[in-house]
Amino acid sequence: MSGHELVTVERRDAVAVVRVNRPEKLNALNRETIAALECAFAELRDEDAVRGVIVTGTGEKAFVAGADIAELARMDPLSGVEVSRQGQRVLLDIERFPKPVVAAVNGYALGGGCELALACHLRIAGENARFGLPEVSLGIIPGYGGTVRLARIVGLGRALAMILTGDTIDANEAHRIGLVNAVAPKAELLPRAEELLQRILKNGPVAVRLAIHAVHRALETSTEDALSFESHLFGLLASTTDMQEGMRAFLDKRTPAFQGR
Ligand code: COA
């Protein structure tokens, strides 16, 4: 251990703020930090009181400046596969997390940091954020899902341009190409992320959870299977008290009180 927690979790009522906490190395993800991130999400998954998560980095400068290059420099082919699989697994857990996850990108989001942001359901960038996948400049390729997720979010041409040049882009350009959902002044980044989450948390929790599931599933299967899956989830929601409540509240002209079942 490095003497301090590599990932911290702060609970603010229904929202948990997960911080990658290695500011002296610009929050670079070494194996220990990735493992700590995995533990944090595993804990939050089972906490009913936590209904949404914000992921950010400690400090003024970086969200996450990538996988730890000092560690990567020592890899051989087998450990390289392992490092990549570990990061992919943790980021897939985040993508499939049953509660909404928003990345609040407070500075550099490079390499594994950009991939971490891509695995979150939504992204808000601070004005000082910079995004990029500079792996080819180190003689490697993105290994935590960047070659898979970036094109899905910004389109093939833009993804290839970023991955092949390794160029970084600023927050406004990231917003223009759809890599982030919004840009916020530095001081307002966390409040804006929290506000976005609160808007989601007003909705039926089971519906939000199944919507995340359906959208991701649709990317991985045929149109026909995805539509069938959507119909089944749609029908399943008719079994929830939340559906009764949501529709009754609309008809009664009041705010629904969802219970998550
Ligand atoms: N892995 C390991 N250490 C990293 C790191 C990374 N991805 N990114 C930053 N650090 C470390 C630096 O080595 C430095 O450590 P030191 O103080 O012990 O020398 C410390 O974090 C501060 O970084 P520094 O480079 O001095 O800050 P800067 O403001 O001059 O530059 C960056 C900031 C982000 C432009 C630069 O750190 C950088 O290019 N990082 C690597 C980005 C990258 O290629 N990521 C993809 C990895 S696959």
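Here is a short walk through this structure, from its core out to its surface. Keep in mind that you're looking at a predicted model.

Let's start inside. The largest nonpolar core has 49 residues, and Phe131 and Leu179 are the ones with the most contacts within it. Take Leu179 and look around it: leaving aside residues up to four places away in sequence, it touches Leu118, Arg123, Phe131, Leu150, Ile153, Val154, Met162, Ile169 and Ala174. So Phe131 turns up among the contacts of Leu179, because the two come within 4.5 Å of each other. There's also a second, separate core, made of 15 residues, and among them are Val15, Ala104, Ala182 and Ala184.

Now hop over to Glu135. You'll find it in the loop between β8 (130-132) and α5 (146-154). Is Glu135 buried or exposed? It counts as buried, because its relative accessible area is 7%, and the cut-off for buried is under 20%. What does Glu135 touch, if we skip residues up to four places away in sequence? The answer is Gly111, Gly112, Glu115, Ile140, Ile141 and Pro142.

Last stop, the surface. Find helix α6 (residues 156-165), which holds Leu164. With a relative accessible area of 60%, Leu164 is exposed, because anything over 50% gets that label.

Terms used. Residues are numbered from 1 along each chain as its sequence is written. This is a predicted model: local features need pLDDT of at least 70, side-chain atom pairs count only at pLDDT 80 or more; totals for chains, interfaces and linings use all residues. Side-chain values use heavy atoms; hydrogens and water are left out. Helices (H or I, at least four residues) and strands (E, at least two) are DSSP runs, numbered from the N terminus. Buried means under 20% relative accessible area, exposed over 50%, partly exposed in between (1.4 Å probe, protein chains only). A nonpolar core is a set of buried Ala, Val, Leu, Ile, Met, Phe, Trp, Tyr and Cys residues joined through side-chain atoms within 4.5 Å.
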